Amino acid sequence: HLDYAKEKNYQKYHNISLELYKEITKSCAICGFDKVVDLHHLDENRKNNSRENLVGLCPNHHQMVHNFQFRKEMQDSLRQKGFKIPDDIKIDFERRK
């Protein structure tokens with residue numbers, strides 16, 4: 001019954017199957033940690049649930065990617081791992097100051 005509820009939640013909130021969710025969140029894409037893994041939207045648009053826009057991150061790296069102090073470092077790490085990171089207007093805005 002719990003698996004059924006989880007599957008329905010992933011479909012409702014992320015519009016993805018439980019199998020895809022498990023595949024993406026199997027381990028952190030940056031460090032490989034596999035105990036707790038969050039689903040992160042690379043373009044930060046939670047309605048864009050295309051496979052290419054989703055990545056699994058441990059809670060530490062997930063917080064770091066949303067923290068401006070570490071954002072560029074985390075994006076660079078993901079790029080090095082082969083993820084396509086969209087232009088980030090938050091970083092570009094800061095560079096223009």
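Author: Gladly! Let us start with the outward side: the face of H4 turned away from its buried side carries the exposed residues Gln69 and Gln80. Buried is under 20% relative accessible area, exposed over 50% and partly exposed in between (1.4 Å probe, protein chains only). Helices are DSSP runs (H or I, at least four residues), numbered from the N terminus. This is a predicted model, where local features need pLDDT of at least 70, side-chain atom pairs count only at pLDDT 80 or more, and totals for chains, interfaces and linings use all residues. Residues are numbered from 1 along each chain as its sequence is written, and side-chain values use heavy atoms, leaving out hydrogens and water.

Reader: Which residues of H4 are buried?

Author: An α-helix has 3.6 residues a turn, so residues three or four places apart point the same way. Here the buried ones are Arg71, Met74, Gln75, Ser77 and Leu78. Seen down the axis of H4, they fall within an arc of 160 degrees, so they line one face of the helix; the arc is taken from the directions from the helix axis to the C-beta atoms.

Reader: What lies just after H4?

Author: There, Gly82 takes a positive phi of about 100 degrees.

Reader: How many disulfides does the structure hold?

Author: A disulfide is a pair of cysteine sulfur atoms within 2.5 Å. The structure holds 0. The sulfur of Cys31 is 3.8 Å from the closest cysteine sulfur, in Cys28, too far for a bond. Cys28 counts as buried because its relative accessibility is 4%, while Cys31, at 44%, counts as partly exposed.

Methods. Helices (H or I, at least four residues) and strands (E, at least two) are DSSP runs, numbered from the N terminus.
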